[in-house]
Amino acid sequence: MATQTEPEIVLYDLACTKNVCFSPVVWRIRLMLNYKHVPYRTIFLEFPDIEPTLKGLGLVPGESASGSKYKYTVPVIQHVPTNTYMMDSTPIAQFLESTYPDPPVPLTSELGREIEAKARAVVSTAFRTSVMPREMGILSPRSQEYFRRTREASLGHRLEDLLDPEKEEQGWNAVGDGMRAVGELMRTHKADGPFVLGARPSYADFFVTGCLQSARVVDEGVFQRLVKYPGFKEIYEACLPYMEKRD
């Protein structure tokens, strides 16, 4: 394997003013790289630079089952030894697991799939109401303009409208039972270890931890609300050794 001065992977990430990773999707890949001790370096991209940069690398988004085009997005990696570029966290994770199989990271399991599906349903609600509008606070002016324009076009209203205290509290109350249920699922194998499958991390752990770390970079208060639910804090703390490299 190459030394730290010779990265095998170039990771394209989303830029913020804190100069650290804050994308939950990129964090899943970063956690895999850190856990597997794969030497890599990061190129941070501002929101409006993602599409032109990735087009310049020759990447083309895939199509959904309905035939609509996916968007250009990070993470993207370049595998330096083969000069191979790829986009989207799922194929990247599969590539990393096949190319760097030791230590192994189980990419899927019945329990992991259930946790991811249920977590997407409840955590995405919290992210939409409490994290997304606060992302503006860690973006550069160029990215702020892009983020506001695209997100508000999708929402149909101003980002700040999501931060109405009463509405935000109602949103958290609505997901409480779901968060507790996901937390209990994550503790299924707690007798065997702190991770979803027990003693060693799986991709499901990195999915959960990526969401939590994203929230923490954006707003510590939102992070604290998430980790108060049983199961979330345990997995996050178990993954801390694989979060030391975050830039």
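This is a predicted model: local features need pLDDT of at least 70, side-chain atom pairs count only at pLDDT 80 or more; totals for chains, interfaces and linings use all residues.
The largest cavity has a volume of about 40 Å³. Which residues line it? They are Ala119, Val123, Phe207, Val208, Cys211, Leu212 and Phe232. By class, this lining holds 7 nonpolar residues, no polar and no charged ones. Helix 4 and helix 7 each supply at least two of the lining residues, and helix 7 gives the most, with 4.

I turn now to the largest pocket. Its volume is about 1200 Å³. There are 32 residues in its lining, and the closest to the pocket centre are Ser23, Pro24, Val25, Thr73 and Arg151. The elements that contribute two or more residues are helix 1 (24-35), helix 2 (50-56), helix 4, helix 5 (141-155) and helix 7 (203-218). Which element gives the most to the lining of this pocket? Helix 4 does, with 6 residues. In composition, the pocket lining divides into 18 nonpolar, 6 polar and 8 charged residues. Ser109 is found in the loop between helix 3 (89-99) and helix 4 (110-131). Is Ser109 buried or exposed? Ser109 counts as buried because its relative accessibility is 17%, and the cut-off for buried is under 20%. The side chain of Ser109 also reaches the backbone nitrogen of Gly112, at 2.8 Å.

My last topic is a pair of packed helices. Such a pair is described by the angle between the two axes and the distance between them. For helix 6 (residues 165-186) and helix 8 (residues 220-227), the angle is about 35° and the axes lie 11 Å apart. Which residues meet at this contact? From helix 6 come Glu169, Trp172 and Met179, and from helix 8 come Val222, Arg225 and Leu226. Sorted by class, the contact of helix 6 with helix 8 has 4 nonpolar residues, no polar residues and 2 charged residues.

To close, I return to the two linings. Thank you for your attention.

Technical notes
Residues are numbered from 1 along each chain as its sequence is written. Side-chain values use heavy atoms; hydrogens and water are left out. Buried means under 20% relative accessible area, exposed over 50%, partly exposed in between (1.4 Å probe, protein chains only). A polar contact is a pair of N or O atoms within 3.5 Å; within protein, one must be able to donate a hydrogen and the other to accept it, and residues adjacent in sequence count only if both atoms are side-chain atoms. On a 1 Å grid over the protein atoms alone, a cavity is a set of points where a 1.4 Å probe fits but cannot get out, and a pocket is an open set with protein on both sides within 12 Å along at least five of seven lines; lining residues have an atom within 4 Å of a point. Grid points are joined across faces, edges and corners, and a volume is the space filled by probe spheres set on the points. Ala, Val, Leu, Ile, Met, Phe, Trp, Tyr, Cys and Pro count as nonpolar, Asp, Glu, Lys and Arg as charged, and the others, Gly among them, as polar. Axes are lines fitted to C-alpha atoms, for helices over the stretch in contact, and angles run from 0 to 180 degrees between N-to-C directions. Contact means heavy atoms within 4.5 Å.
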